[in-house]
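Please look at the sequence and the model first.

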Amino acid sequence: MVDIAEDGRTWLLSGPGSGYALHLTGADELLHLHWGPPIALADAEELAKRPPPGPWPFESPLDGREEYPVEGGPRFVRPALSVRTGRRRGTEWRFVSYDVDGEDGTLRLRFDDDGVGVTLHYRMRGDVVERWVTVANGGPEPVELLRADAATWTLPDREGWRLSQLHGRWAAESRLITAPLTYGEKVIGSRRGHTGHQHLPWAALDTDATEERGEVYGCALGWSGSWRISVAQLPDARVQITGGAGHDDSGLLLLAPGESYTTPVFAGLWSDGGFGGASRAWHAYQRAHVIPDAERDRPVLFNSWEATYFDITEEQQAALARRAAEIGVELFVVDDGWFGARTSDRAGLGDWTPSPDRFPRGLKPLADHVHALGMRFGIWVEPEMVNPDSELYRARPDWVQHHPGRTRTELRNQLVLNLAREDVREYLWEHLDTLLSSAPIDYVKWDFNRCFTDAGWPGEPYPQRLWVDHVRALYALLDRLRAAHPRVAFESCSGGGGRIDLGMLGRTDQVWTSDNTDPLDRLAIQHGFTQLHPARVMAAWVTDSPNTQLNGRASSLRFRFVSAMAGVLGVGGDLTRWSPRERTEARRWVELYKEIRPLVQHGELYRLRPPTGGLSAVQYLRGEQTVVLAWLQAQHYGEPVPTVRLRGLDPSASYECRETGEVHRGAVLLHHGLRTGLKGDLDATVLRLRRI
Ligand code: GLA
């Protein structure tokens, strides 16, 4: 909902539990007034009357107060908008108009600087404020956009801000770290062409929040290419966060007369429910407004990667499929190695037709076999890449990103196709469309296994645009494929969690959280991941023990299953080598997962104890039912294992535990906790409770 003051220069956006207000001064300065608990328009109007600080010759009267600081004038903060024309640089805008879109309540504020139009968009989705910006060149000459952030967020004056971020690297993504913010800027981002394993495009600020209490401000960017979020504590201790596509300010796009650029969405959320409350609000937002078909259950999948790596045949996959069906798997995915000359990572990328040696009859017979077993059928692709040893590269060496006369840097023996080129886009569309029509394929795992290094485009007058246009082309391709093949679900993968963001989640059904399938490491990765994203998209597989991909750690099937059951359960071990006893046990876990799946995938998540070495636990709650997944990493000195205090229950109700048959009072579970029965090392359990 948007309330507007009588003079049409103060706006208040309200969600069910929050408010956001801004004001335009007589000099057309757009000031931030409020972001936090709900307020009335009169409160916003009072804030609008507060006089500016200063004046001092060495400080800006605007810094730390503006909604969207442009370059130029008395501003010393990092500009959100930096524009250059043949004649000048910077922006001096005039307010043009505002309106509120009748359909979805988007508030649009329009400004103009001599033909360069800047529109700021605001939309409330629950308590999430979505912001984005459009820059349109309405003048006669080209305009270079050096930087155009999607939004700048301004926090209220407080002492002792702390910054939380989700950092990582390959096989160690989304690990939560919190540290005090000090003066200056903290910049996170990616200059790699994809979202990156190094940071999720998310930041959260608080002063004294805990998991279930206190104010948390968070923001998350919906962009799957290079990006930057800068968190600045200004000289007067004010904090602003500005973020958008592109890592630096050296050029985003060149807008010809009549062209425009719309930034990705940068979403912001204020919550006074601590980190847990903030996460649940983010999850609800993504399920309601971002993730396609979020109300549908994600099936239990089998993925062949760790079971067979590149060494695959039709017969062997068919045998795995039989084993997978026996334990209750619902979707069978053939990973890398089914196409072209792909017997290792040295060849084949780019040639999206089944390998004549391995699948001489194409994919259809295997897909039919999988369907006959009652499962859906999926495949792995990596369409944005090419191996130099491929039919495609031999025919089209000019289709890759490269600088003339320079080394074409290979990472994992592959090069990046230039998706900004129309011919490349068409090629990919035709081949993927044909592939999806050639066999009954229900699922596509879409991978991206290297970063950009040589982002050149010979012959193109403004090659920098490749960074933005690659992502736009990827989105357009996914959107087009989804529209043409509505039965196909998509998974976003980039060497594990290298491309997870709200942009990708808007067009994929789930994501590959990490190549790290070690069930213990996963607990920390999942703890970080769920700060922002819901379990509904967080794919997790049970693989072999000892772990083959990473660290050789041995763990029980129980521990591996309970760890993976906290997200979208998958199995990735070599089932042909699992004993009958292991397969029987696996079938029981899969059955149990299917029973608790509605809670895990659609319920509310409470992180009861973080994975810091001892006991950790999460709880999912939906209606009358709740389920606790608990893990004990190591028990020391024979000390008793603590109880886990549950959340979100009715204190006056009683709850029956299916596992123990015991009945507990809600108040007891909330305040004194539930005994998990865990002991020793790497133990785990699932406890189902129902209100009676
Ligand atoms: C990436 C993915 C893996 C697997 C391999 C195949 O590393 O993250 O899950 O698909 O590629 O080459």
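The points below cover a sheet, its helices, some backbone features and aromatic rings.

This is a predicted model, in which local features need pLDDT of at least 70 and side-chain atom pairs count only at pLDDT 80 or more, while totals for chains, interfaces and linings use all residues. Residues are numbered from 1 along each chain as its sequence is written, and side-chain values use heavy atoms, with hydrogens and water left out.

**The sheet**

- An open sheet is formed by 6 strands in the order S32-S33-S34-S37-S35-S36, with antiparallel pairing. Helices (H or I, at least four residues) and strands (E, at least two) are DSSP runs, numbered from the N terminus, and two strands pair if DSSP finds at least two bridges between them.
- Strand S32 (604-609) and strand S36 (663-665) are at the edges with a single partner strand each, so one side of each has no neighbour in the sheet.
- On average, neighbouring strands of this sheet are turned by 25° against each other, direction ignored. Axes here are lines fitted to C-alpha atoms, for helices over the stretch in contact, and angles run from 0 to 180 degrees between N-to-C directions.
- Strand S35 (residues 654-657) pairs with strand S37 (residues 683-691) over 3 bridges, in the antiparallel sense. Glu-656 has Arg-690 in S37 as its bridge partner.

**Helices on the sheet**

- Helix H10 (residues 519-532) packs on the sheet and touches S32, strand S33 (615-622) and strand S34 (625-632). The direction of H10 makes about 135° with that of S32. Contact means heavy atoms within 4.5 Å.
- Helix H12 (residues 580-602) lies across S32, S33, S34 and S37, and runs at about 60° to S37.

**Helix H2 against H10**

- The axes of helix H2 (residues 274-290) and H10 come within 6 Å and cross at roughly 65°. H2 and H10 are therefore roughly perpendicular to each other (angles under 35 degrees count as roughly parallel, over 145 as roughly antiparallel, 65 to 115 as roughly perpendicular and the rest as oblique).
- From H2, Phe-275, Ser-279, Trp-282, His-283 and Gln-286 meet Thr-530, Gln-531 and Leu-532 of H10.

**Backbone features**

- Ser-545 and Pro-546 are joined by a cis peptide bond with omega of about -5°. Pro-546 is in the loop between strand S30 (538-542) and helix H11 (557-564).
- Arg-412, a residue other than glycine, has a positive phi near 50°. Its place is in the loop between helix H6 (391-395) and strand S26 (415-416).
- Arg-412 counts as partly exposed, at 29% relative accessibility. Buried means under 20% relative accessible area, exposed over 50%, and partly exposed in between (1.4 Å probe, protein chains only).
- Tyr-637 is not a glycine either, yet has a positive phi of about 55°. Tyr-637 lies in the loop between S34 and S35 and counts as exposed at 76% relative accessibility.

**Aromatic rings**

- The whole structure holds 27 aromatic pairs. Rings of Phe, Tyr and Trp (its six-membered ring) pair if their centres lie within 6.5 Å; planes under 30 degrees apart count as stacked, over 60 as edge-to-face and the rest as tilted.
- The ring centres of Trp-153 and Phe-266 are 6.0 Å apart and the planes are at 75°, so this pair is edge-to-face.
- Trp-153 is in strand S11 (residues 151-154) and Phe-266 in strand S21 (residues 266-271), so the pair ties together parts that are 113 residues apart in sequence. Both Trp-153 and Phe-266 are buried.
- A cluster linked by ring pairs contains Tyr-20, Trp-35, Tyr-122, Trp-153, Trp-161, Tyr-217 and Phe-266.
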